[in-house]
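Okay, everyone, let's get going.

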Amino acid sequence: MYNTAEDFLKLVALGRYDVCVHDSLEAYTVIKKTKIKKIKALKPPLLTTNLYHYLNKKHMNLVPNITDSLEKMRANGRIEAIRNEYLLQLQSDGCQQQ
């Protein structure tokens, strides 16, 4: 049974699957960790989606400050810069883009 990104990406690398649709950050992380070769990320992505942060109810008092900080980071491009820096680091260690 195949359940993880690692399982599916290994099957693509072995030529048993032609494609694996997965989020780029996890895929690049798996490729770096396992040193899988023969995989290319297709650009542009098929889909982009928003992610949300969740906190335990006991931390509700932190929500306004966290929301404010994240909004400022998004507005000034810091979140995108951190993500891009991380992706570049992962890509330099394994996965190629097409």
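So, how many residues apart are Lys-72 and Asp-68 in helix α3? They are 4 residues apart, and because of that about one helical turn separates them within helix α3, residues 63-75. Helices here are DSSP runs of H or I, at least four residues, numbered from the N terminus.

Quick housekeeping: this is a predicted model, where local features need pLDDT of at least 70, side-chain atom pairs count only at pLDDT 80 or more, and totals for chains, interfaces and linings use all residues. Residues are numbered from 1 along each chain as its sequence is written, and side-chain values use heavy atoms, with hydrogens and water left out.

Back to that pair: Lys-72 and Asp-68 meet in a salt bridge, 3.1 Å from N to O. By salt bridge I mean a side-chain nitrogen of Lys or Arg within 4 Å of a carboxyl oxygen of Asp or Glu. Asp-68 is partly exposed at 37% relative accessible area; the scheme is buried under 20%, exposed over 50%, partly exposed in between, with a 1.4 Å probe and protein chains only.

In total we have 4 salt bridges. Glu-6, Lys-10 and Lys-33 are linked in a network of them. Lys-10 pairs with Glu-6, closest N and O atoms 2.9 Å apart, and both sit in helix α1, residues 5-13, 4 residues apart. Glu-6 also bridges to Lys-33, at 3.1 Å between the closest N and O atoms. Lys-33 is exposed at 61%, while Lys-10 is partly exposed at 38%.

Definitions and conventions. Helices (H or I, at least four residues) and strands (E, at least two) are DSSP runs, numbered from the N terminus.
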